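Hi everyone, thanks for coming. Today I'd like to walk you through some side-chain contacts, starting with the rings. Please have a look at the picture first.

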Amino acid sequence: MSLTRMAMAVSAVMLAHQVAGKAVRDALFLEALPVTQLPKMVIFAAVLSVLAVPVYSRLLAWLGPRRLVPLGFAVSAIAHVAEWVWFGAGAVIPIVVYIHIAAFGALLLSGFWSLTSELFDPHSARAQFVRIASAGSLGGIVGGLTLERVGAWASADASLLMLAGLHALCAVGLWPMCESLREPGQAPPPEPLFGRQMLRTSPQVKEIALLVVLGTASAAIVDYLLKSRAATEYSGGHLLQFFAIFYTVVQVATFLFQAVLAGPLQRRLGVGRSVTMLPIGLGVSTVASLLFPTTAVFAMARGTESVLRGSVFRNGYELLFSAMSPQEKRRVKTFLDVACDRAGDALGAGIVQLLLLTGPMFLVNEMLGVVLLMAAVSIWIGERLDSMYLRSIEQRLIDQASADGIMGIGDFGGLTLHSLEVPVVEPPVALEDVRPGHREHVPVQVLLDEPLDLLRQLRTGDRDRVIVALESAPRFEAMHVAQTLQLLAWDDVTAQVRRALERTADRHVGLLIDALLDGATDFAIRRRIPRILISAPSQRTLDGLNLGLSDSRFEVRYQCSRAMDRLLVADPSLRVDAARIFHIVERELSVARPVWNGHRLLDQFESSDAVMFLDDHLRDHANRSLEHVFSLLVTVLPREPIKVAFRVVHSEDPMLRGLALEYLTGVLPETVRTRLWDILDAGVGQSTVAPSSTTALEELLRSQDGLLEQLTRQVTPSVVDAREPADPPPPANPPSGRR
């Protein structure tokens with residue numbers, strides 16, 4: 001059985017106990033004590049639960065959920081048996097049952113979700129948590145229906161044996177799951193009492209804690225209004241049946257909502273807005289209760305809160321913890337799940353108790369007004385959760401990748417234009433000439449003091465003369481740049497041409513961009529211009545490279561995206577139109593799969609190119625199309641996590657890969673994300689190393705960029721972009737010496 005199915009089975013049994021336990025708890029208490037004692041009981045149980053949190057948190061940190069959680073369910077089952085044995089000893093047992101279920105049941109629920117969240121990476125958890133919660137809702141339906149029949153056919157104490165059996169099944173079912181859980185390493189030091197240190201150091205924990213307290217307090221007030229009405233209308237076994245039916249109907253609605261709407265809503269709304277659905281739904285139902293204060297409407301309000309809490313809220317809330325490391329999760333989750341949840345119960349019950357002391361028994365409008373105020377504050381907090389969740393995913397991704405050796409943080413710092421300069425390939429050449437009738441070699445005087453002299457030397461077609469001219473020219477005018485650009489297609493002098501153009505690029509940006517964007521310019525020239533433009537960082541340069549992303553040839557687009565990345569590293573004040581970049585990314589991802597996998601680079605990497613987000617392995621094996629897409633994304637999204645995500649999607653570590661996918665889910669538009677997922681699901685680690693025959697052909701193409709490009713399309717169309725038109729033929733009179 002898979003981990004997901006095991007978790008679904010345990011969740012179903014656990015929720016069956018939770019639904020049945022709530023009905024038993026409420027029925028036994030209200031049968032033995034007046035409803036006015038309910039707020040005091042809620043406060044007492046909440047205090048005990050909060051006091052138990054530090055102990056439970058330390059046990060969870062030291063033992064881990066794999067040992068503690070099954071043991072907790074087993075102890076709970078034994079306690080239910082003891083309650084059944086001593087049932088009938090006055091009001092003591094109903095109070096014990098209430099404390100058992102209300103105070104310590106939350107610890108077990110938190111422990112289960114803590115264990116489950118460590119089994120899945122954040123990205124797969126999105127889908128798995130919906131399935132697990134749906135199974136839990138279905139189990140809750142069965143538990144409620146079973147309890148209703150127990151209340152009709154047997155005595156109330158028999159329900160305690162049913163609860164004992166359910167928790168015993170949970171304990172047994174958890175052992176296989178625990179065996180699959182990997183230990184995160186050394187346990188963190190014990191947290192100070194009630195997590196005060198966490199609240200001081202983590203704004204996210206503060207926000208979640210306040211959200212939990214307000215949400216639970218609101219639910220406690222509405223819960224009191226419903227139970228006070230029910231206590232006046234039902235008694236005995238009818239009261240048990242009422243609560244059993246109520247909680248069963250709630251579970252049916254929760255299951256339907258979870259199965260049909262929760263998943264699509266979460267994908268559409270995101271984590272933060274999914275959590276915000278709870279206060280929104282409670283606020284709307286509270287307004288209805290103000291207008292129509294009847295038992296049915298109160299049941300509707302309480303049911304709405306329960307349905308949203310058990311479905312879309314639970315899914316989003318648990319995902320907030322998936323971004324945390326196991327150590328941090330164990331340290332904070334119990335504090336938030338139990339201490340803050342019980343504190344909310346105590347706050348809500350305290351408000352009810354205060355109002356009961358200052359006015360008549362039913363202060364409906366005042367209580368509901370407090371609920372509306374809390375819902376408004378919760379909505380305000382929930383709107384901020386998405387950005388906090390994304391930051392948590394981003395930081396966890398970087399930290400985890402660094403810890404696992406995927407990357408070093410130093411990979412992303414300190415890059416300057418100086419570090420991107422092209423090294424000298426060879427020293428300048430001294431020209432010599434053999435004069436007729438003379439055996440000795442006499443140095444030739446190359447006259448470069450006039451612009452036309454330099455132009456003549458650049459047009460000689462003699463490699464040595466051209467190199468001397470490029471290395472020795474005092475300055476380049478526009479006509480020299482135009483001629484030098486033509487030499488970029490000459491492989492023998494490409495390095496020297498690049499150096500010469502880089503020295504003057506800032507004075508001739510417009511000319512370089514015009515050549516880049518002109519489709520009639522030789523492909524070999526167009527694909528080499530972007531790296532030259534790096535030496536002229538400006539908004540104008542960046543805009544020109546941006547326009548170059550529309551070129552019909554993949555390698556030109558690839559070099560433009562890489563150059564844009566480097567310019568933004570050198571000058572972060574430059575700006576790129578995000579909407580255009582996302583549109584271009586979507587277009588790149590829309591090509592046919594053979595074309596996507598067939599993209600190749602004719603110019604090989606040089607040591608100076610320093611592919612900044614590829615390690616040695618990925619430099620040879622990463623898909624160039626995917627690298628190009630991530631180079632585009634990094635121009636409009638945070639650089640570090642996007643670069644790490646590119647590396648991590650090639651990783652075999654499912655947790656790291658899940659973190660990367662979850663981060664990308666949060667920052668990419670839906671249309672881009674959908675197409676990227678298709679690519680990633682098909683496998684991103686496909687080697688771009690072609691077979692030997694293709695490699696040989698590529699080497700041939702490097703020498704014959706123009707003529708053989710046309711032949712290539714007839715022989716091996718996968719070598720180049722199938723969408724690209726053939727380049728125009730080379731000039732009729734190329735410089736002599738050009739290949």
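Searching the whole structure turns up seven aromatic pairs. Phe, Tyr and Trp rings (for Trp, the six-membered one) pair if their centres lie within 6.5 Å; planes under 30 degrees apart are stacked, over 60 edge-to-face, and the rest tilted. One of the pairs is Phe 246 with Tyr 247, which is edge-to-face, at 5.2 Å centre to centre and 65° between the planes. Compare Phe 554 and Tyr 558: their ring centres are 5.9 Å apart and the planes are at 45°, so this pair is tilted.

Before I go on, a word on the model. It is predicted, so local features need pLDDT of at least 70 and side-chain atom pairs count only at pLDDT 80 or more, while totals for chains, interfaces and linings use all residues. Residues are numbered from 1 along each chain as its sequence is written, and side-chain values use heavy atoms, leaving out hydrogens and water.

Are Phe 246 and Tyr 247 buried or exposed? Buried means under 20% relative accessible area, exposed over 50%, and partly exposed in between, with a 1.4 Å probe and protein chains only. Phe 246 has 9%, so Phe 246 is buried, and Tyr 247, at 6%, is buried as well. Ring pairs also link Phe 242, Phe 243, Phe 246 and Tyr 247 into a cluster.

Now for charges. A salt bridge is a side-chain nitrogen of Lys or Arg within 4 Å of a carboxyl oxygen of Asp or Glu, and the count by this rule is 20. In one of them, Asp 26 meets Lys 227, with the closest N and O atoms 2.9 Å apart. This pair links distant parts of the chain: Asp 26 is in helix α1 and Lys 227 in helix α8, 201 residues apart. Helices here are DSSP runs (H or I, at least four residues), numbered from the N terminus. Asp 26 counts as buried because its relative accessibility is 1%.

Which residue makes a salt bridge with Glu 305? That is Arg 309, with the closest N and O atoms 2.6 Å apart. Both lie in helix α10, four residues apart, about one turn of the helix. The charged end of Arg 309 also sits over the ring of Phe 313, 5.3 Å from its centre; the rule asks for NZ of Lys or CZ of Arg within 6 Å of the ring centre and within 35 degrees of the ring normal.

Conventions:
Helix = DSSP H or I, 4+ residues; strand = E, 2+ residues; numbered from the N terminus.
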